[in-house]
Amino acid sequence: MAEIKLAESKVQELKEVCKKFNYDKGELINVLHAAQGIFGYLPAEVQEVVADQLNVNIAHVYGVVTFYSFFTMTPKGKHPISICMGTACYVRGAEKVLDEFKRLLDVKVGETTPDGKFSVSSLRCVGACGLAPVVTVGEKVYGRVAPEDVKDILAEYK
Amino acid sequence: MTKVKTLDDLKKMRNELQSKLTLREKSDHPEKMVQIKVSMATCGIASGAKETMNYLIEELDNRAVDAVVTQTGCMGYCHSEPTIEVHVPGTEPVVYGHVDTKKAEEIITKHIIGGELVDGVIPVSYTTPNEDENEK
Amino acid sequence: MAKYNNHILVCGGTGCRASQSEEIVENLKQAVSDNSLENEIQVVRTGCFGFCEKGPIVKMIPDNTFYVQVTPEDAGEIISEHIVKGRKVERLLFTDPENNEHIADSKHMGFYKKQIRIALRNCGFINPENIDEYIARDGYAALGKVLSEMTPEEAIKEIKDSGLRGRGGGGFPTGLKWEITHNVEGDEKYVVCNADEGDPGAFMDRSILEGDPHSVLEAMAICGYCIGGSNGLIYIRAEYPLAIERLKIAIEQARELGVIGKDIFGTGFDFDVELRYGAGAFVCGEETSLIHSMEGLRGEPTVKPPFPSVSGYKGKPTNVNNVETFANIPVIINNGAKWFSSIGTEKSKGTKVFALAGKINNVGLIEVPMGITLREVIFDIGGGIKDGKKFKAVQTGGPSGGCLTEKHLDIPIDYDNLIASGSMMGSGGMIVMDEDDCMVSVAKFYLDFTVEESCGKCAPCRIGNKRLYEMLDKITKGNATEDDLGILRNLANVIKDTSLCGLGQTSPNPVLSTMDNFADEYLAHVKDAKCPAGQCKDLMEYVINPETCVGCTLCSRVCPVDAISGDKKQPHEIDTTVCIKCGACMEKCKFNAISIQ
Amino acid sequence: MDIVKLNIDNKPVVVEKGTTILEAAKSVGVNVPTLCHMKLHDVGYENNPGGCRICVVEVEGRRNLAPACKTECTEGMDINTHSLRVINARRTVMELILSDHPAECLTCVKNGKCDLQTMAQDLGIREIPFEGEQSHYKEDKSPSIIRDMDKCIMCRRCEMVCNEVQTVGCLSAINRGFESVVAPAFEMDLEKSTCTYCGQCVAVCPTGALSEVDNTRKVIASLVDPSKTVIVQTAPAVRAALGEEFDMEPGTLVTGKMTSALKKLGFDKVFDTDFAADLTIMEEGTELLGRLQKHLAGDKDVKLPILTSCCPGWVNFFESNFPDMLDVPSTAKSPQQMFGAVAKTYLADQMGIKREDMIVVSVMPCVAKKYESGRPEFAVDGNPDVDFSITTRELAQMIKGANINFDDLTDEEFDNPMGESTGAAVIFANTGGVIEAAVRTAYEVQTKKKLEKVDFEELRGFEGIRSATVDFDGLPIKIGIAHGLGNARKLLEDVQAGKSEFHAIEIMACPGGCIGGAGQPYHHGDTTILKKRAEAIYREDEGKEIRKSHENPFIVKLYEEFLGEPCGELSHKLLHTHYFDKKKKVEINND
């Protein structure tokens, strides 16, 4: 595990969050959400700070982080692309859209492009089935995406 | 917002609010008080409901039409998002689908000001207990 | 500008347009101008009325007369009879099947009673970020009534009498659950709202939370009063940012107004609500996993009993209900159990919200009374199958549900009938599939989902689902044998029989129900390595038709693996062993000489 | 106490409310098979996540099969434990587990002693109808424990014992679904984690996923090397358990046969760790009395209570969890290390050989001893005082490998001068034994009076935390005992908070003490085995003529000829050590 150094200001911010939840280990998931918000992802060092603050074993924290698909230990791309793989979207061809993204960015699902700009991941149902197939880039939601549209979606963020 | 201390406070508040709302509906200058509800659920916003709503507010202001544009939840017509409900007093509320800024402009000119309907009306296919009541 | 006093609405949905509704509009406009009524009558195209079986539909405003199966030729008569002479055209009116009388006004037609919105009553009507609008529609009146006029036991009795059952999918009687939690001794009890909604294709909880968050808060307070607890927790999935924001605003406003918090309405009852976030785990829709997730642990379920009602969050008695279940509570209290139980079937009362999606025209959120048939939902409300394709199956209950086919279309929808036909109610996701969907791939898609979402605690689900997926994969690749199907069925049944929690106990349903309903499709894949729906890539072969191929060599140049051979001007040939079925050649071929066999 | 009436396999059964089907069935002689369930009654450890689903049974009127280990009996239940539906389910679930398990039984360390293997045999599994992907994890070899997690069946026993009983908490389930497994944080090597090598995870693991490092090959290599003099020391607890590996009744004492077998294996000298145990009592007893004198003389900053330090798992535990208390435990080394230090100096001189040419092998009931022998401070110029430590199981493996018929061996004596030992030494094997031995000597040294009753029953037993007051002729000495690191943590927290009123505390990492060590023959969850071993140890103690450490003539001779007096200058150099702060720190840079 390459040792990385954490920015002190961010660590301080994280400690504030733990304080807000008065160091209750039952709030581990809320703290991890906040931590991922602050650092963008959850490297081992961040998990160790959380474990220390909430007085929980680091193995337990890692067990929780690796259980939930929302937490990630590798930084997401600047523009995280998620393709909804819910049934409605699958039935309307989401798989072909996902393959197109993988082909154009030459990454596998869950990976980030070498330049760190894009990461492609499949997402659990976002609940906008009326717009199936749905693709989200960061907060922005794209509806009724066809494989042909993938090029111009990416173009928006070039 | 004053605290609601007792149940009667709540009832008093409800009646007040209800009359204010119906006032809005049955006010004496019908062509003025128009009520527009924009469906701002996730898919509505994703299909551009925010732009539509801002456009409506701005455009109705420019044309000095006394209207109230509020946001609301999902009306269920996912196939035609963004959807808005236009309620010109004295007429039945009408739901429109695929309302982008261009369509919104057409609705303002023809429906709100002109009083005629515009293509793309979505027939309401459900009733709610409240309606059953005031219909009985 | 003319002041129109009548409007003629002509349905412009895909179904009606396919039966010439455009021509009807033209003829109507023509007839209007012939009678020089341009200034009074306006002909308007509308969206789909949802009543496609009886299309094309023409509706007269303001008298709401509803003409069915109108043809372009009738346009003239409608104008001359209805508008000019003011007489209805009897032969075009809808005849009610029960008593074959003519019904003119659509409001009284059985069709329009199809949807009754109880849980969604405020969705799309009030501004969710303004508590006043909720109060204006009798908001918190139910809570007031319960706190001031009813004892917990009376309120529980009201819910029990209403016959309300859990809307999360299990269908456990809500009143009974409240009663059990009420009877358990405990100084601190918790009311939990399960807003994890992990089912793909289900978004009713999101719509309720985004459209009418206060109804859930009010119901939770009522539940707190009934079971004797003052702590409310909403476990909401992280994939719903807007719902989270709306809930935060609603909670803030409710606290400010004093309808939740300390000493509500001066009755000494305290109740507050906090949010707890999911983090992407479908299994956390299961009660005990949800509770573990809220305790900051891995979302793994524990064996029941003990049920959460006895020992749940932090070991305290906990009552977990789904968003939609809660949304029904205030209406039951306000309108009474008798009114609620008058809707629905004998054992499944009230309405159910379905998220209609997939290969259907009217993708949307509908709330229908229990007992409605699938045919009415899919064809009447849903507007039939997209692009005129043939209906094949509808999948209800998500990864825990099964597929229902043609023969189930007329079975009234309720908890028990759906289970009897091999599926289940689930949270209400309803995905419609047409002839192009391969049911083996659909089953494989759901197993891929469950393999990804299994928590891994118990062997049958952790390993069993993976094996089910692998066997289905073998079938879709055409190298399975017939006795594999026997092994598949036994494995599926054992997983259902031995898994620890609901996820594993229902994950084989998609396999079992597709095997029961589409046995021939499985055999086609296994015996003659063919995919009838043409979806399974590995069983498709790209073939060049020698007659129509002119030998322009375009396809051979674009093929990434050089699988196409043949000299100029001569018919080309694809080597199926090399071909990777990317479809590039088929796209390029201008003479569409290439097809899939 | 209300009761429940039900029937199991149409046998009427009456049990107390709250009893599980598993226990109810056992009470009528029906042994429902289990795989992940394990209950160590007296040690307060129960693992039944209900995950393996092997113990499912059919309950009349219930939709699906019920896990016997978790389902409580209710009135009028009608249970069938082996209907066709149950057998088919059990076999299919077993086939599923085996489909994600490496089929290498023949070369696996657990061959013949694996719960999964026995279960597959009992169910008559002959083929696996669905082969598919298998989960693979990187192999992890620490000084004591090997993790081969491809063989893990997610029974969660190791996670439970590490977190609930030992409170070390370096293991947790990770990932989700098919890839889930139990591992340290970030799947780091055990060596980098907070693991103390107590090995209780190895003791409870049903398969070959967790096992001890195998040193038998190195020992055999030394034995055949003519240039090396190979001597062996056997720990007190080994003699009470080795017999079980040769199908003898648990609790059979095999001291003589063990010595004979070791001689037949070719060890040049067969000595007894008990000798060094007596030595430990001399050193630790003196240190205790020293601190006591200072305390009685009013010295405020003398560190009391004194904590025993012979258990390497426990030493690791306080080094990484209580680094601020490194000066509280006794500085005395463990018997294994004292033996090595004395052997490679005093004995090597006597035998006229250099320390590099002497190989000291120790036979231990414990896996942590392997780590301890490798600690840098227990070596001189890189030559360790104890070269190789092997477990009871490994010794049994060597004996079988050498075609020695263990049952027919006639007893033989330990060699001297390091074979002689007292009754006080042998009870080191049991929880409460070390402190009882110390009290026997300290009493006579402190009061200068003869100790009439040598047995101190009040220090014995299996409860997790015990305390007793021994009257030193008017001076009350308060003694605390804890076994299992979770219990140790409780006592230590009192000491840390200055609330502990004990003078001396004995701590052993393994529940039951060394007789329950991770190197002992597997108990498969049957705590009566631990009890029988403990009784055997006390029988060996009663059988000895000399039962107080300071009366061991060879110890007396050792001090006269070599060490001088206890805690003297040479004793301090050879027999005492110090401890290190091993708390893991997180480095944060300032941006």
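Which residues in H8(D) meet which residues in H14(D)? I began my notebook with that one.

**Ground rules.** I'm working on a predicted model, where local features need pLDDT of at least 70, side-chain atom pairs count only at pLDDT 80 or more, and totals for chains, interfaces and linings use all residues. Residues are numbered from 1 along each chain as its sequence is written, while chains are lettered from A and ligands numbered from 1 in the order in which they are written.

**Entry 1, two helices in chain D.** I looked up who touches whom, counting residues as in contact if their C-beta atoms, placed from the backbone, lie within 7 Å. From H8(D) I got D:Ile281, D:Glu284, D:Gly285, D:Leu288 and D:Leu289, and they meet D:Ala437, D:Ala438, D:Thr441, D:Ala442, D:Val445 and D:Gln446 in H14(D). By class, I noted seven nonpolar, three polar and one charged residues in this contact. (Ala, Val, Leu, Ile, Met, Phe, Trp, Tyr, Cys and Pro count as nonpolar, Asp, Glu, Lys and Arg as charged, and the others, Gly among them, as polar.)

Helix H8 covers residues 273-296 of chain D and helix H14 covers residues 433-447; they pack at about 55° with axes 9 Å apart. That makes H8(D) oblique to H14(D). (Under 35 degrees is roughly parallel, over 145 roughly antiparallel, 65 to 115 roughly perpendicular, and the rest oblique. Axes are lines fitted to C-alpha atoms, for helices over the stretch in contact, and angles run from 0 to 180 degrees between N-to-C directions. Helices are DSSP runs of H or I, at least four residues, and strands are E runs of at least two, numbered from the N terminus.)

Seven residues of domain 1 of chain D touch seven of domain 3. On the domain 1 side I listed three nonpolar, two polar and two charged residues.

How many residues does the contact take from chain A and from chain C? I noted 26 from chain A and 32 from chain C. On the chain A side, helix H2 (28-39), helix H4 (58-67) and helix H5 (87-91) give two or more residues each. That side divides into 14 nonpolar, nine polar and three charged.
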